[in-house]
Amino acid sequence: MLIGELSRRTGVSARSLRYYEAQGLLSAGRGANGYRDYAEEAVVTVTQIRALLRAGLSTEVIAQVLPCARGEAPGFDWCAELREILGGELAVMDDRIEALRLNRGALAGLLTKP
């Protein structure tokens, strides 16, 4: 399918699809006319990418975990390495949340001073 059809079917802009391809997350063949030609499976792949982005993962991390993703939700074929990657990302997120909580407390404290 052409990029416009993939965009319509997934609700993702053609620009984002080209970005995913540049990041190695999505692949396309080329037609005789040079246009990108995506396989039917690209719809599920794009849905998986979007779900992983919503979970706060970077495209670099998504490139590591995407081969283990199954289905649109996505589910995973779990292995120790995948759990380690996602567990590490969760720990980084927790650290960021804690830092923001501390920043918020400091800012709120400034607002209470005359």
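A residue is termed buried when its relative accessible area is under 20%, exposed when it is over 50% and partly exposed in between (1.4 Å probe, protein chains only). The structure is a predicted model, in which local features need pLDDT of at least 70 and side-chain atom pairs count only at pLDDT 80 or more, whereas totals for chains, interfaces and linings use all residues. Residues are numbered from 1 along each chain as its sequence is written, and side-chain values use heavy atoms, with hydrogens and water left out.

Helices (H or I, at least four residues) and strands (E, at least two) are DSSP runs numbered from the N terminus. Helix H2 spans residues 14–22, and its buried residues are Leu 17, Tyr 20 and Glu 21. These residues lie on the same side of H2, because they cover an arc of only 100 degrees around the axis, the arc being that of the directions from the helix axis to the C-beta atoms. Packing of the buried residues of H2 involves helix H1 (3–10), strand E1 (29–30), strand E2 (36–37) and helix H3 (42–54), where contact means heavy atoms within 4.5 Å. Arg 15 and Ala 22 are exposed and occur on the face of H2 turned away from its buried side. Just after H2, a positive phi of about 80 degrees is found at Gly 24.

Side chains of opposite charge can pair when their charged atoms come close. With a salt bridge defined as a side-chain nitrogen of Lys or Arg within 4 Å of a carboxyl oxygen of Asp or Glu, five salt bridges were found in a search of the whole structure. One of these links Glu 40 to Arg 9, with the closest N and O atoms 2.4 Å apart. Glu 40 lies in the loop between E2 and H3 and Arg 9 in helix H1, so the pair ties together parts that are 31 residues apart in sequence. Both partners are partly exposed, Glu 40 having a relative accessible area of 47% and Arg 9 one of 40%.

A salt bridge is also formed by Arg 70 and Asp 77, whose closest N and O atoms are 2.8 Å apart. Arg 70 is partly exposed at 43% relative accessibility, and Asp 77 is likewise partly exposed at 40%.

Within helix H5 (residues 80–112), Glu 98 and Arg 101 are three residues apart, about one turn of the helix. Their side chains meet in a salt bridge (2.6 Å, N to O), and Glu 98 is partly exposed, with a relative accessible area of 36%. Elsewhere, salt bridges that share partners join Glu 5, Arg 9 and Glu 40 into one network.
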